[in-house]
Amino acid sequence: MLKKISRYLKVWWLMSRNSFLGFLTQRFGAVIFLTGKLLRFGFFFIFIVFLLKGTKTLAGFNLNQTIFFFLTFNLIDVVSQFLFREVYRFRPLVVSGGFDLVLTKPISALFRSLMGGADVLDLITIPPLVVAIILAGRTLNPSILHSAYYIVLIFNSLVLATAFHIAVLSLGIITLEIDHTIMIYRDLTNLGRFPVDIYKEPLKGILTYLVPVGIMITLPAKAFIGLVSFKGILVSFALGILAISIALRFWDFALTKYTSASS
Amino acid sequence: MSLSKYISVFKISFVQEFAYRLNFVMWRVRNVMQIFLVFFLWDSVFSDPTRQVFGYNRDKILTYVFGILFIRALVFSARAVDIAGEISRGDLTNVLLKPINYFRYWFTRDLSSKALNLCFAVIEAAILFLILKPPFFLQTDFRILILFAVLLVFAVLIFFGLLLLINMTPFWAPESGWAAQFLFMGIITEFLSGAVFPLDIFPATIQKVLQFSPFPYLLFFPLQTYLGKISLSSMLGGVLASAVWVIILILTLNYVWAKGMRRYAAEGR
């Protein structure tokens, strides 16, 4: 098992290095793209600050808490983009039949399709984001237990994000549509930019349990503030395991529908 | 200028939008989801109906949110986003050889996209209206409605000018068209036009600085006019500023296009 993990880590490192070299060939475009991402973050941050200055609270949360929700959303969003950027490049493989070459290689086709090209631009933004989360988190005076809850729930969020990305890949094989599906996933997670408590039922319920944006993004931040019980954490883990199991079965099913057209 | 060929371009472009139906439906779904975020955010802020924040009451802010849906469909829908790819692939040559004005050709294609998106926006707004049952501010002053319509026409022209300018980036940086589009159209225009949040949450100084840019005249200013949040003289000032921006953009566009044409070498063909 350890040998297998080590082999996959080596393959991942190799693919990530290739992705980095690809990035170096488009330096100008990449710098503009990164500037855009930072500006979007900055605009939303400024918006939250000015909005909360005017309203004092948002769905019962104060400025520091709302900023913490926003930073948590960004962390999960950026880390999943860093790890799963290859999903955005999956469609041409299926449309051209080039996916045949992935299937014949002695590594998991899912691993290659999901994690075959880590995004350097997102990697650059992760360390400052973590620092910002630590600084913002300190203003909320969390207990050690609540901080631990936060960290394990972030891992659970990444499991849910993985399940979403696997589902998008699977849908891509069946329908040949990836671009908008992945952007709809992004739009759904964007609904978690603010605590899901701002939404009314039934949307709030849908976003918490059916499309678990709430569990993915709002719950870790709420646990940090001390608003989630141990039972709530267990339920969220159960949902994470269920989501990844369904996604993996869906992937197996999608593979049976791959026609190798155009190859 | 023969109008019939542009009518043909309009018809063909309109039909082409239906060639990728799933793509189009997904694109509209995304628009509706973005409205959900903004709607519920403001609905939460104005949960107390008597509350006034940033000069808005509940009716006006939720009308602003629905206004975003319409104005995005009218102003921001465009096919001219494909120009950058056309230049970098060398496909521009195909169009240059045809007896058609390049700018008018793309403007016509944009109009067909706007017509289709607007039709869908009306249906979506009706459905959202039935589901969310928001209060709605109905403007009844005929003078304001005329100024609102004029501002929308200018907004369409300003957006077209900005989009074309950004799409000419590949004349000088063939691989960076997508990145320039993301930065200027996807981020800067989106935020500074008021399509994500109303610009009057900013301090007065920032708002004054933004007034000297073309962005607020794309969405924020027309909506301020519709909501009657500014005086009639300010509205007229906004119409004048929009007209000036249209002229500046036309002149800049012609200049950049002429420079780009000298640079264009049809690489990739």
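Read along the sequence, chain A of this predicted model runs α-α-α-α-α-α-α-α-α-α-α-α, that is, 12 helices and zero strands. Helices (H or I, at least four residues) and strands (E, at least two) are DSSP runs, numbered from the N terminus. The radius of gyration of chain A is 19 Å, close to the 18 Å given by the globule rule for 263 residues, so chain A is as compact as a globular protein of that length. This radius is taken over C-alpha atoms, and the rule is 2.2 Å times the number of residues to the power 0.38.

Of the 263 residues in chain A, 37% are buried, a residue being buried if 20 or more other C-beta atoms, placed from the backbone, lie within 10 Å of its own.

The largest nonpolar core has 124 residues, and V65(B), A155(B), I158(B) and F159(B) have the most contacts inside it. Helix 7 (residues 142–167) of chain B gives the most to this core, with 14 residues. Such a core is a set of buried Ala, Val, Leu, Ile, Met, Phe, Trp, Tyr and Cys residues joined through C-beta atoms within 7 Å.

Between the chains, 30 residues of chain A are in contact with 31 residues of chain B; contact requires C-beta atoms, placed from the backbone, within 7 Å. On the side of chain A that touches chain B, helix 2 of chain A provides the largest share, 14 residues.

Residues are numbered from 1 along each chain as its sequence is written, and chains are lettered from A and ligands numbered from 1 in the order in which they are written. Local features need pLDDT of at least 70 and side-chain atom pairs count only at pLDDT 80 or more, whereas totals for chains, interfaces and linings use all residues.

Note on methods:
Buried ≥ 20, exposed ≤ 12 C-beta atoms within 10 Å, placed from the backbone. Contact = placed C-beta atoms within 7 Å.
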